Amino acid sequence: MNKTLEEARILTAEVMGMIANEGGGNTEVILAVPFPYLLSVKNQLGAGSAISLAAQNCSEHEWGAYTGEVSAPMLRSIGIPFVILGHSERRQFYGEDGRLLAKKIDVALACGLTPIFCCGESLEIREKGAHESVVKKQVEESLFHLTVDNLKKVVVAYEPVWAIGTGKTASSQQAQEMHAVIRGCIAGVYGQPVAEEISILYGGSVKADNARELFACRDVDGGLVGGASLKSREFVEIVKSVS
């Protein structure tokens, strides 16, 4: 929940210009924009842009008397292809749990959106040594009712909550270990070939100076970038770090 519309447009213009001038390789770039700015930024990017857009959330309901909510069909109707679901802040501040997120996943997929499903543990859980079981449960509760075809449409993002906005970052080894746990959890139900097709992003204080090491890990397929995405130069350097 950052930036005025004008500030958002300036940030978008800077990112667009840097990527156009410096290149981003084959990296897929998605900007997760606040609801009021989605159409404006979409128009700014223009038709055929290499940069895509995501909403930061959506309702579990398609339509109805849910004042203040934004639905997946609304997002689809304005051409938004991605939606973030289950972000740690939604879980922490709004009490979103696995069953609710399963409904959101279903409605997003039914409307043709690609969900970016977030999972992760708090510092307390990690210190208890329960981080693997907690993250596995989050994945199982929200994704394992899906068919193989639908699961392949989901992007997973691992967020160690203790490393978000704290300046702490999971080491590349910690990130790889948890990503391997998530991929192994998927493989256990859907098979290794399916698990290998799922993109798993790391989201925990990703910065330009740690991105390359994180992205070099076998099971880390990219980043869900938080605060660093508010600085155009920092964000583009992260984009360029993806091999």
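Is Cys217 buried or exposed? Cys217 is buried, since its relative accessible area is 12%; buried means under 20% relative accessible area, exposed over 50%, and partly exposed in between, with a 1.4 Å probe and protein chains only. Before I continue, colleagues, please note that this is a predicted model, in which local features need pLDDT of at least 70 and side-chain atom pairs count only at pLDDT 80 or more, while totals for chains, interfaces and linings use all residues. Residues are numbered from 1 along each chain as its sequence is written, and side-chain values use heavy atoms, with hydrogens and water left out.

Let me stay with the cysteines. The structure holds zero disulfides, a disulfide being a pair of cysteine sulfur atoms within 2.5 Å. For Cys217, the closest cysteine sulfur belongs to Cys119 and is 16 Å away, so a bond is ruled out by distance. For Cys58, the closest cysteine sulfur is that of Cys111, at 7.9 Å, which is also too far for a bond. Cys58 is buried, at 1% relative accessibility.

Cys58 brings us to Val83, as Val83 touches Cys58. Contact here means heavy atoms within 4.5 Å. Val83 is found in strand β3, residues 82-85; strands (E, at least two residues) and helices (H or I, at least four) are DSSP runs numbered from the N terminus. Leaving aside residues up to four places away in sequence, the contacts of Val83 include Ala54, Ala55, Leu75, Leu113 and Ile116. Val83 is buried, because its relative accessible area is 0%. Its C-alpha is 9.4 Å from that of Ile105, a residue 22 places apart from Val83 in sequence.

In strand β2, residues 51-55, we find Ser52. At 19% relative accessibility, Ser52 counts as buried. Among the residues that Ser52 touches, not counting those up to four places away in sequence, are Val29, Ile30, Pro81 and Phe82.

I turn now to the nonpolar cores. A nonpolar core is a set of buried Ala, Val, Leu, Ile, Met, Phe, Trp, Tyr and Cys residues joined through side-chain atoms within 4.5 Å. The largest has 67 residues, and Leu75, Leu143, Ile182, Ile186 and Tyr202 touch the most other members. Helix α9, residues 172-190, gives this core its largest share, seven residues. Ile186 touches Val139, Phe144, Leu151, Gly191, Ala195 and Ile198, again without residues up to four places away in sequence. A second, separate core has nine residues, including Val155, Ala157, Leu201 and Leu224.

Which rings form aromatic pairs? Rings of Phe, Tyr and Trp (its six-membered ring) pair if their centres lie within 6.5 Å, and planes under 30 degrees apart count as stacked, over 60 as edge-to-face and the rest as tilted. By this rule there are two aromatic pairs. Phe144 and Tyr190 are edge-to-face, 5.5 Å centre to centre with 70 degrees between the planes. This pair links distant parts of the chain, 46 residues apart: Phe144 lies in the loop between α7 (131-143) and α8 (148-151), and Tyr190 in helix α9. Phe144 is buried at 18% relative accessibility, and Tyr190 is buried at 14%. Tyr158 and Tyr202 form a tilted pair, because their planes stand at 50 degrees, with the ring centres 6.3 Å apart. Tyr158 is in strand β5 (residues 155-158) and Tyr202 in strand β6 (residues 200-202), 44 residues apart. Tyr158 is buried, with 0% relative accessibility, and Tyr202 is buried with a relative accessible area of 0%.
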